[in-house]
Structure formats: C-alpha cells, structure tokens
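Please have the sequence and the coordinates open while reading. The paragraphs below go through the contact between two chains and then turn to one residue.

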2 protein chains.
Amino acid sequence: MGTEEIAKRYVELCQAGKNELCLDELYAKDAVSVEAAAPPGSERTAKGLDALHAKSKSWGESNVVHSAEVMGPFPNDNRFAVRFTFDVTNKPSGRRMKMDEIGLFTIENGKIMREEFFYST
Amino acid sequence: MGTEEIAKRYVELCQAGKNELCLDELYAKDAVSVEAAAPPGSERTAKGLDALHAKSKSWGESNVVHSAEVMGPFPNDNRFAVRFTFDVTNKPSGRRMKMDEIGLFTIENGKIMREEFFYST
C-alpha cells in the first residue's frame, strides 16, 4: 500500500476504535512511538509492537472516552499527519479533560515505522 | 526563544495575517519550504528566505481569502505542527475551494529552518 492508502486505513481503523487491529495491520514489528512529553510513570519513547500494544492498552484502561474525533489524513511523501481531539476522564485522577494533538506517521517498506505526537505540555 | 515561544509567535503572526513579518522575524536565511505537491508552475521545494517571500507573495496575489483559521501550535521538541483551514477563491481559475492542511516546522538555532505542508493531493 502507498502512503495515501495506509493513511486512510489508519484513520478508518482509529475512527472505528480498532486500535489493536490498527497496530497489527499497519505497523512494523520494530515501530517506535514518541510522545511530546513522558506520560506519568513511563518513557517518552516506546519501541517495538509489544510496547505499542502495552501503551495502547494502558491508555484505554486509564481513560473513559466521552468523545473522540480523528481528522485527516494529511499526507506528504512517505509521511502523513492526523489531528485528534478527545474528551476523556482520566480514571486515576477523576479529572475530565480535552486533549487536542497532532500525530505524525512515517512509513518505511509499506509499514508505519514511527509515530510522533505533538501537543502542548 | 524556545520551541513553544516561537510556535506561539508563529500562530499569532499568521492569525494577524502578518506573513511577511513572520518570515523575517522567525525564519532562518536559508530556510526551506516543502509542499506535498508542486503548485502550478513551480517546484515542490523553495529554498532561502527570498524564495519563501516570493512564494508567499505569489499565493497572496493568486487567491482571495474569504476566511482562514490557524489552529495550534502543537509542539514536540524542536518541532511544532499547525493546522490551517482556508476558504479561498483562486483568481486564475475563478474556482472557490476549501483547503485543509497541516504545517510541520523544524527549529534550528532559534530559527525556523524547515516548513513542510501536509495535505491530500
């Protein structure tokens, strides 16, 4: 698949809430995920598909999602960007908050090799 | 200035329509601008502040802007992203269109050294 096709499939799976399938179908085994800031109790960078599944699972378990919007994709060559907005309640703190961020995805050999999230910290 | 400060200033100047001042104040002399696709009659990549001014002038002369929205910034380390939506009429074609894109900006030595625009082509 080319960038545009992978990007559209990424957005489609995210909008359907199929995050685990998205990882398994579109990501490279040694893909890397980089946050703008380290989440509480973890590193800024997660390496490898197992670590990305763990990160996704942990986020799902820590947050109640009231609404989510996935906008895009916005492609350029072998990369694409996506904008996300979330209205969530963080379970540990009980705090409800809005999240607004941009993800940047880099494709190598037909798989997502790197994802980076941009937001104010 | 750090990334967050430059990013906020960038958004502020764009929202005020001060595109030339934005280039002069925030960009490196040898900054590079990369489009997702080559605009009609030009290259995908423009190099140097003079070329970026020419590009900005050309865009301004070719389009009537009915409305514009600049969302962000979304920082990560020495980069930041911005989402733009425009409602414009292209003067040469007379065609009114909506544009929706994401800009990615890379800072080196306190100046924007690279801008890249992401959108469907």
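How much area do chain A and chain B bury between them? In this predicted model, the two chains bury about 1900 Å² between them, and 52% of that area lies on carbon and sulfur atoms. Three residues, A:F74, A:N76 and A:F118, supply 33% of the area that chain A buries against chain B, more than any other three residues. In terms of contacts, 24 residues of chain A meet 24 residues of chain B.

B:R79 forms a salt bridge with A:E116, with the closest N and O atoms 2.6 Å apart.

On the side of chain A that touches chain B, strand 3 (63-76), strand 4 (79-90), strand 5 (95-108) and strand 6 (111-118) each supply at least two residues. Strand 3 of chain A gives the largest share, 5 residues. By type, the residues on this side of chain A divide into 13 nonpolar, 2 polar and 9 charged.

B:E101 sits in strand 5 (residues 95-108) of chain B. B:E101 is buried but has no salt bridge. The nearest side chain of opposite charge, B:K55, is 7.9 Å away, and a salt bridge requires a nitrogen within 4 Å of a carboxyl oxygen. Leaving out residues up to four places away in sequence, B:E101 touches A:F74 of the other chain, together with B:V82, B:R83, B:F84, B:F117, B:F118 and B:Y119. A:F74 is also one of the three residues named above for their share of the area that chain A buries against chain B.

Notes: Residues numbered from 1 in each chain as written. Chains lettered and ligands numbered in written order. Predicted model: local features only at pLDDT ≥ 70, side-chain atom pairs only at ≥ 80, totals over all residues. Heavy atoms only, no water. Helix = DSSP H or I, 4+ residues; strand = E, 2+ residues; numbered from the N terminus. Buried < 20%, exposed > 50% of the residue type's maximum accessible area, 1.4 Å probe, protein only. Lys, Arg positive; Asp, Glu negative; His and termini not counted. Contact = heavy atoms within 4.5 Å. Buried area = accessible area lost by both parts, 1.4 Å probe. Nonpolar A, V, L, I, M, F, W, Y, C, P; charged D, E, K, R; others polar.
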